[in-house]
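Thanks for coming. I will go through one model this morning, and I will keep to what can be computed from it.

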Amino acid sequence: MRVLFIISGSDTAFWLSEVTHPYWHLTERGVEVDFASPAGGKVVWDQYSDPYFENSTEPDDLVSKGFLSDGALRTKLDTTVALKDVDLDRYDAVHVAGGRGATFDLYPNANVAKVLEHFWARDKVVGAICHGAIALGNIPDRVRGRRVTGYTLEGDHGLEKLFGSGFLIPHYPQTVLEEAGTHYTRVAPNDPLVVIDGKLVTGQNQQSASEYALVLLHAMTGSSPVTKA
């Protein structure tokens with residue numbers, strides 16, 4: 001199986017664990033993963049998501065530490081494919097990573113809409129996490145009435161308050177999802193939440209990254225190793 005990761009190419013950056021955790025959980029189970037961004041080329045991660053940054057909010061993220069220690073994996077982030085050049089038929093699912101950059105270049109975006117529509121029309125798995133869930137606003141007719149989550153408006157306002165007037169968020173995921181007619185749901189801003197509605201999988205925040213990745217995998221395979229008594 002093969003999954004396409006869509007990552008923001010904005011200088012405002014993507015969130016590292018929302019790439020590294022899904023990458024690890026999928027590839028260790030034999031799934032191939034390719035990285036794409038709106039324009040292609042190098043993408044940058046938010047320094048606060050870097051476990052080696054002295055003020056990191058995720059200093060104990062061993063998955064991201066392992067990813068960054070592998071030169072070949074870091075090179076993948078320097079050489080993402082432009083969305084317009086991706087052969088979408090090669091993939092079984094699409095994953096949209098978050099980070100504040102997603103609110104700059106993943107919505108509104110006609111190429112992102114085209115990619116998501118391709119997967120949706122072919123009944124393939126569509127996944128998005130945190131600020132990346134804003135990409136679903138590009139296909140409102142598809143997501144209207146569906147259960148979703150994504151980064152909360154409360155969380156965005158908290159970030160704006162923390163970082164001051166220079167910290168811009170042009171579009172809020174929660175607002176965009178609600179305006180698209182979805183049934184948006186949430187928990188506390190930093191608590192994990194994953195919502196699955198058919199073959200649509202969404203995660204609320206970076207704290208949900210591992211759980212989200214496994215739910216995404218189970219949606220692709222149609223099975224889960226978890227059984228109930």
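Phe163 is partly exposed, at a relative accessible area of 36%. On the scale used here, buried means under 20% relative accessible area, exposed means over 50%, and partly exposed is in between, with a 1.4 Å probe and protein chains only. Phe167 counts as buried, at 14% relative accessibility.

Before going on, the ground rules. This is a predicted model, so local features need pLDDT of at least 70 and side-chain atom pairs count only at pLDDT 80 or more, while totals for chains, interfaces and linings use all residues. Residues are numbered from 1 along each chain as its sequence is written, and side-chain values use heavy atoms, with hydrogens and water left out.

Back to the rings. A pair of aromatic rings is described by the distance of the centres and the angle of the planes. The rule is that rings of Phe, Tyr and Trp (its six-membered ring) pair if their centres lie within 6.5 Å; planes under 30 degrees apart are stacked, over 60 edge-to-face, and the rest tilted. The count by this rule is six aromatic pairs. Phe163 and Phe167 form a stacked one, with 5.0 Å centre to centre and 20° between the planes. Phe167 also has Arg100 over its face, at 4.0 Å from the ring centre. For that term, NZ of Lys or CZ of Arg has to be within 6 Å of the ring centre and within 35 degrees of the ring normal.

Elsewhere, Phe5, Tyr23, Phe35 and Phe67 form one aromatic cluster. The ring of Phe35 has the charged end of Lys76 over it, 5.0 Å from the centre.

Phe163 comes up again in the largest pocket. Which residues lie nearest the centre of that pocket? They are Trp15, Tyr48, Leu159, Phe163 and Gln206, out of 22 lining residues. The volume is about 500 Å³. By class, the lining has nine nonpolar, nine polar and four charged residues. Nonpolar here means Ala, Val, Leu, Ile, Met, Phe, Trp, Tyr, Cys and Pro; charged means Asp, Glu, Lys and Arg; the others, Gly among them, are polar.

The pocket definition, for the record: on a 1 Å grid over the protein atoms alone, a pocket is an open set of points where a 1.4 Å probe fits, with protein on both sides within 12 Å along at least five of seven lines, and lining residues have an atom within 4 Å of a point. Grid points are joined across faces, edges and corners, and the volume is the space filled by probe spheres set on the points.

Next, helix α1. Helices (H or I, at least four residues) and strands (E, at least two) are DSSP runs, numbered from the N terminus. Nine of the eleven residues of α1 are buried, so the helix is largely enclosed by the rest of the structure. Among them are His21, Tyr23 and His25. Pro22 is also in α1, at 1% relative accessibility.

Is Ser8 buried or exposed? Ser8 is buried, with a relative accessible area of 0%. Its side chain reaches the backbone oxygen of Gly101 at 3.2 Å, and a polar contact of 2.9 Å joins it to the side chain of Asp105. A polar contact is a pair of N or O atoms within 3.5 Å; within protein, one must be able to donate a hydrogen and the other to accept it, and residues adjacent in sequence count only if both atoms are side-chain atoms.

Last, the backbone. Most residues other than glycine have a negative phi, and most peptide bonds are trans. Tyr107 and Pro108 are joined by a cis peptide bond, with omega about -15°. Pro108 is in the loop between α4 (102-105) and α5 (110-121).

Asp123 has phi near 60°, lies in the loop between α5 and β5 (125-129), and is exposed at 51%. Cys130 has phi near 55°, sits in the loop between β5 and α6 (140-143), and is buried at 2%.

That is the list; I will take questions.
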